[in-house]
Amino acid sequence: MTMTDVISIKNYTLSGMNFALKNVSDNKDNFEANLEMWLKNIDEAGGNLSDEDKKIFGDQEQALHFVTLEDMSGQDDIEKELKTLCGLIVPLNTLNDWSSSNLKALEEGEKEADPEDKELYSNVIRVIQDFAKEVITLSKEVSEITEQLKRSKELMAVI
(Lines give C-alpha, C1' and ligand atoms only; values in the text may rest on other atoms or scores of the structure.)
Protein backbone atom coordinates (compact mmCIF):
# COMPACT_ATOMS: atom_id res chain seq x y z
CA MET A 1 0.00 0.00 0.00
CA THR A 2 1.42 3.36 -0.99
CA MET A 3 1.18 6.59 0.92
CA THR A 4 -1.27 7.85 -1.72
CA ASP A 5 -3.50 4.83 -1.06
CA VAL A 6 -3.45 5.53 2.69
CA ILE A 7 -4.32 9.21 2.17
CA SER A 8 -7.09 8.20 -0.26
CA ILE A 9 -8.58 5.70 2.24
CA LYS A 10 -8.46 8.28 5.04
CA ASN A 11 -10.04 10.97 2.85
CA TYR A 12 -12.71 8.56 1.61
CA THR A 13 -13.49 7.42 5.17
CA LEU A 14 -13.69 10.97 6.50
CA SER A 15 -15.80 12.28 3.63
CA GLY A 16 -18.22 9.36 4.03
CA MET A 17 -18.47 9.91 7.76
CA ASN A 18 -18.91 13.66 7.35
CA PHE A 19 -21.75 13.04 4.89
CA ALA A 20 -23.45 10.61 7.30
CA LEU A 21 -22.90 12.96 10.25
CA LYS A 22 -24.42 15.85 8.27
CA ASN A 23 -27.54 13.75 7.61
CA VAL A 24 -27.92 12.93 11.31
CA SER A 25 -27.36 16.58 12.21
CA ASP A 26 -30.03 17.71 9.72
CA ASN A 27 -32.46 15.07 11.00
CA LYS A 28 -31.77 16.15 14.59
CA ASP A 29 -32.47 19.78 13.66
CA ASN A 30 -35.73 18.81 11.91
CA PHE A 31 -36.80 16.67 14.86
CA GLU A 32 -35.99 19.47 17.27
CA ALA A 33 -37.95 21.97 15.16
CA ASN A 34 -40.95 19.61 15.11
CA LEU A 35 -41.15 19.08 18.87
CA GLU A 36 -43.54 22.00 19.35
CA MET A 37 -45.68 20.73 16.49
CA TRP A 38 -45.86 17.32 18.20
CA LEU A 39 -46.91 18.98 21.45
CA LYS A 40 -49.64 20.83 19.58
CA ASN A 41 -50.78 17.68 17.73
CA ILE A 42 -50.98 15.66 20.96
CA ASP A 43 -52.85 18.47 22.68
CA GLU A 44 -55.25 18.93 19.74
CA ALA A 45 -55.96 15.20 19.64
CA GLY A 46 -57.18 15.56 23.23
CA GLY A 47 -54.01 14.64 25.07
CA ASN A 48 -54.45 17.39 27.69
CA LEU A 49 -50.72 17.71 28.29
CA SER A 50 -49.76 18.89 31.73
CA ASP A 51 -47.27 21.65 32.44
CA GLU A 52 -44.84 18.90 33.46
CA ASP A 53 -45.25 17.18 30.06
CA LYS A 54 -44.59 20.50 28.30
CA LYS A 55 -41.54 21.07 30.49
CA ILE A 56 -40.18 17.62 29.60
CA PHE A 57 -40.53 18.44 25.89
CA GLY A 58 -38.97 21.88 26.37
CA ASP A 59 -36.05 20.51 28.37
CA GLN A 60 -35.33 17.85 25.74
CA GLU A 61 -35.63 20.39 22.92
CA GLN A 62 -33.06 22.55 24.70
CA ALA A 63 -30.77 19.58 25.34
CA LEU A 64 -30.92 18.60 21.66
CA HIS A 65 -30.29 22.20 20.62
CA PHE A 66 -27.00 22.29 22.51
CA VAL A 67 -25.64 19.23 20.66
CA THR A 68 -23.71 20.54 17.66
CA LEU A 69 -22.14 18.02 15.31
CA GLU A 70 -19.15 19.25 13.33
CA ASP A 71 -17.04 18.14 10.38
CA MET A 72 -14.18 15.78 11.03
CA SER A 73 -10.73 16.07 9.54
CA GLY A 74 -8.86 13.45 11.55
CA GLN A 75 -8.98 10.70 14.14
CA ASP A 76 -9.16 13.10 17.09
CA ASP A 77 -12.27 14.66 15.56
CA ILE A 78 -13.91 11.23 15.36
CA GLU A 79 -13.39 10.78 19.10
CA LYS A 80 -14.82 14.24 19.75
CA GLU A 81 -17.92 13.56 17.64
CA LEU A 82 -18.47 10.22 19.41
CA LYS A 83 -18.59 12.12 22.70
CA THR A 84 -20.87 14.76 21.19
CA LEU A 85 -23.31 12.11 19.94
CA CYS A 86 -23.70 10.91 23.52
CA GLY A 87 -25.46 14.22 24.18
CA LEU A 88 -28.32 13.08 21.94
CA ILE A 89 -28.93 9.81 23.78
CA VAL A 90 -30.39 11.15 27.04
CA PRO A 91 -32.99 13.52 25.53
CA LEU A 92 -34.09 10.91 22.98
CA ASN A 93 -34.35 8.25 25.70
CA THR A 94 -36.35 10.67 27.87
CA LEU A 95 -38.81 11.33 25.03
CA ASN A 96 -39.03 7.60 24.29
CA ASP A 97 -39.73 6.87 27.98
CA TRP A 98 -42.33 9.65 28.05
CA SER A 99 -44.07 8.16 25.00
CA SER A 100 -44.00 4.63 26.39
CA SER A 101 -45.38 5.55 29.79
CA ASN A 102 -48.14 7.70 28.29
CA LEU A 103 -49.08 5.01 25.78
CA LYS A 104 -49.37 2.44 28.59
CA ALA A 105 -51.55 4.77 30.64
CA LEU A 106 -53.74 5.64 27.65
CA GLU A 107 -54.12 2.02 26.56
CA GLU A 108 -55.20 1.07 30.09
CA GLY A 109 -57.57 4.04 30.19
CA GLU A 110 -59.02 3.12 26.81
CA LYS A 111 -59.97 -0.35 28.10
CA GLU A 112 -62.05 1.16 30.91
CA ALA A 113 -63.35 4.23 29.02
CA ASP A 114 -66.95 4.86 28.20
CA PRO A 115 -67.77 4.05 24.56
CA GLU A 116 -68.05 7.75 23.65
CA ASP A 117 -64.50 8.37 24.97
CA LYS A 118 -62.82 5.44 23.20
CA GLU A 119 -62.34 7.42 19.98
CA LEU A 120 -60.63 10.23 21.92
CA TYR A 121 -58.25 7.74 23.52
CA SER A 122 -57.61 6.12 20.15
CA ASN A 123 -56.77 9.48 18.52
CA VAL A 124 -54.31 10.47 21.24
CA ILE A 125 -52.70 7.01 21.20
CA ARG A 126 -52.24 7.22 17.42
CA VAL A 127 -50.57 10.65 17.60
CA ILE A 128 -48.22 9.58 20.41
CA GLN A 129 -47.37 6.37 18.51
CA ASP A 130 -46.45 8.46 15.45
CA PHE A 131 -44.28 10.69 17.65
CA ALA A 132 -42.64 7.63 19.25
CA LYS A 133 -41.78 6.28 15.78
CA GLU A 134 -39.98 9.54 14.98
CA VAL A 135 -38.04 9.36 18.27
CA ILE A 136 -37.06 5.74 17.61
CA THR A 137 -35.98 6.53 14.05
CA LEU A 138 -33.64 9.31 15.20
CA SER A 139 -32.34 7.13 18.04
CA LYS A 140 -31.51 4.36 15.55
CA GLU A 141 -29.70 6.86 13.31
CA VAL A 142 -27.64 8.03 16.28
CA SER A 143 -26.77 4.41 17.16
CA GLU A 144 -25.84 3.62 13.56
CA ILE A 145 -23.61 6.69 13.14
CA THR A 146 -21.97 5.91 16.47
CA GLU A 147 -21.10 2.41 15.27
CA GLN A 148 -19.86 3.79 11.94
CA LEU A 149 -17.66 6.30 13.75
CA LYS A 150 -16.20 3.57 15.97
CA ARG A 151 -15.37 1.45 12.91
CA SER A 152 -13.88 4.46 11.12
CA LYS A 153 -11.78 5.29 14.15
CA GLU A 154 -10.43 1.72 14.19
CA LEU A 155 -9.76 1.83 10.44
CA MET A 156 -7.93 5.16 10.74
CA ALA A 157 -5.79 3.74 13.56
CA VAL A 158 -4.73 0.80 11.37
CA ILE A 159 -3.75 2.76 8.25
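I started with Glu32, which forms a salt bridge with Lys28, their closest N and O atoms being 3.2 Å apart. For a salt bridge I need a side-chain nitrogen of Lys or Arg within 4 Å of a carboxyl oxygen of Asp or Glu. The two residues sit 4 residues apart in helix H1, so about one helical turn separates them. My helices are DSSP runs (H or I, at least four residues), numbered from the N terminus. Both Glu32 and Lys28 are buried. Buried means under 20% relative accessible area, exposed over 50%, and partly exposed in between (1.4 Å probe, protein chains only).

A note on the source: this is a predicted model, where local features need pLDDT of at least 70 and side-chain atom pairs count only at pLDDT 80 or more, while totals for chains, interfaces and linings use all residues. Residues are numbered from 1 along each chain as its sequence is written, and side-chain values use heavy atoms, with hydrogens and water left out.

Next I checked Glu44 and Lys40, whose side chains meet in a salt bridge at 3.9 Å, N to O. They are also in helix H1, 4 residues apart, about one turn. Glu44 counts as exposed because its relative accessibility is 57%, and Lys40 counts as exposed at 52%.

Then I moved to helix H4, where Glu147 and Lys150 are 3 residues apart, about one turn. Salt bridges with shared partners join Lys28, Asp29 and Glu32 into one network. Searching the whole structure, I got 10 salt bridges.

What about Glu81, is it buried or exposed? Glu81 is buried yet has no salt bridge, and the nearest side chain of opposite charge, Lys80, is 4.2 Å away. (Lys and Arg count as positive, Asp and Glu as negative; His and the chain ends are not counted.) I placed Glu81 in helix H3, residues 75–112. Leaving out residues up to four places away in sequence, Glu81 touches several residues, including Leu21, Thr68 and Leu149; a contact means heavy atoms within 4.5 Å.

Thr94 lies in helix H3 too. I have Thr94 down as partly exposed because its relative accessible area is 26%.
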